[in-house]
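Please look over the protein chain shown below before reading on.

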Amino acid sequence: MAAEAEKIPVTVLTGFLGSGKTTLLNYILTSNHGLKVAVIENEFGEVGIDDALVKQQYETSEEIFEMNNGCICCTVRGDLIRILNKILKRKTRLDAVLIETTGMADPAPVAQTFFMDEGIQARARLDAIITLVDAKHVIQHLDEVKPEGAENECVEQVVFADKILLNKVDLVTAEYLDEVERRIRGINQSGEVIRCERAVVPLDKVLGVRAFDLQRVVDMEPGFLAEEGHGHSHDSSITSVGIQKEGTLDLNRLNRWMSTLLKDKGVDIYRSKGVLSIQGMKEKFVFQGVHMTFNGEPTKEWGEGEARVNRMVFIGKNLDRKELTDGFDACLLP
């Protein structure tokens, strides 16, 4: 077993849908830190989008591993163990591993992985659980009443955080921000709260911080180190609808549809994101939305001979698949 100082630090990035995890990941991976980093991504959604949202122009010092077939805290924990062991057994030493969870993940089972698997325990240490919080929407999600037996993932993510990045502070008033921080402190008194915009924070606040405290977690949840110590059930009313179709979209129609959709149904649409092919645009058009707020921008150009396939995903409560698919189809050019 490696000495504690020689173990590779692993940072878990968590936070509810749309809190800014992928933005933080982009910021870390494109900063001039000179570290060799491996990233494990996990999405909650029928169609994978985050691979396109994460910037592709990395140095060779970073590698991305995707897990799109289930939530990291439930169905694919075995995949996480397999990928981590594969990364950690390499001869080339890494400086850090980042795990970006889905917005629906409870971080506790992810953290358990570092104490349940001997191979991982021998080579890696859990450095910190970093929870991003969307200042504008977090109170709505903290207060959400869940069906009996289902956890409030947003609460669990704040509870287990070693560091809390209070993100998007520019979208709310100073008074509201103080209220958000008061609510966070009512749930987690020990985690450092760092206010930020666009998930920009000093890297020495989130990497190599040695902030994970096993004793605090065990005191809070005595069954944490038991093999089945942390049951987890998602709210079944929260689902995802994925759309994947080749073709070209009319931007005006798309804007009208999305504006009307998010105005009427935005409370229940927690997250929307997509990579789209727009008429007259050489670049891929990437859009992201959180409830009623959304924006988009052109990114890199479509490759020569690359099929212009639109990928879009909605995550929320009581989604109507036919309504969403029909709305999208109406924006396609004949």
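Which strand or helix gives the most residues to the lining of the second largest pocket? The answer is strand β5, which supplies 3 residues of that lining. This is a predicted model, in which local features need pLDDT of at least 70 and side-chain atom pairs count only at pLDDT 80 or more, while totals for chains, interfaces and linings use all residues. Residues are numbered from 1 along each chain as its sequence is written, and side-chain values use heavy atoms, with hydrogens and water left out.

**The chain as a whole**

- The protein chain holds 11 helices and 12 strands, where helices (H or I, at least four residues) and strands (E, at least two) are DSSP runs numbered from the N terminus.
- Among the contacts (heavy atoms within 4.5 Å) with a separation of 6 or more, 80% are between residues 24 or more positions apart.

**The second largest pocket**

- The second largest pocket contains about 240 Å³ of space, a volume being the space filled by probe spheres set on grid points that are joined across faces, edges and corners.
- Its lining consists of 12 residues, and those closest to the centre of the pocket are Glu4, Phe115, Ala124, Arg125 and Leu126.
- A pocket is found on a 1 Å grid over the protein atoms alone, as an open set of points where a 1.4 Å probe fits, with protein on both sides within 12 Å along at least five of seven lines, and lining residues have an atom within 4 Å of a point.
- Helix α4 (107-116) and strand β5 (124-134) each provide at least two residues of this lining.
- Sorted by class, the lining has 7 nonpolar, 1 polar and 4 charged residues, with Asp, Glu, Lys and Arg counted as charged, Ala, Val, Leu, Ile, Met, Phe, Trp, Tyr, Cys and Pro as nonpolar, and the others, Gly among them, as polar.

**Strand β9 and its partners**

- Strand β9 (residues 269-276) is largely enclosed by the rest of the structure, because 8 of its 8 residues are buried.
- Strand β12 (residues 309-317) runs antiparallel to β9 and is joined to it by 6 bridges, and two strands pair if DSSP finds at least two bridges between them.
- Within this pairing, Ser272 has Phe314 in β12 as its bridge partner.
- Strand β10 (residues 283-290) is also antiparallel to β9, with 5 bridges, and there Leu276 is partnered by Phe285.
- β9 and β10 form a hairpin with 6 residues between them, and Gly280 in the turn has a positive phi of about 80°.

- Glu100, in strand β4 (residues 96-100), counts as buried because its relative accessibility is 2%.
- The side chains of Glu100 and Thr22 are joined by a polar contact of 2.7 Å, that is, a pair of N or O atoms within 3.5 Å, where within protein one must be able to donate a hydrogen and the other to accept it, and residues adjacent in sequence count only if both atoms are side-chain atoms.
- Lys163 belongs to strand β6 (residues 163-167), and its side chain reaches the backbone oxygen of Lys205 at 3.4 Å.
- Ile164, also in β6, is buried with a relative accessible area of 0%.

Terms used:
Buried means under 20% relative accessible area, exposed over 50%, partly exposed in between (1.4 Å probe, protein chains only).
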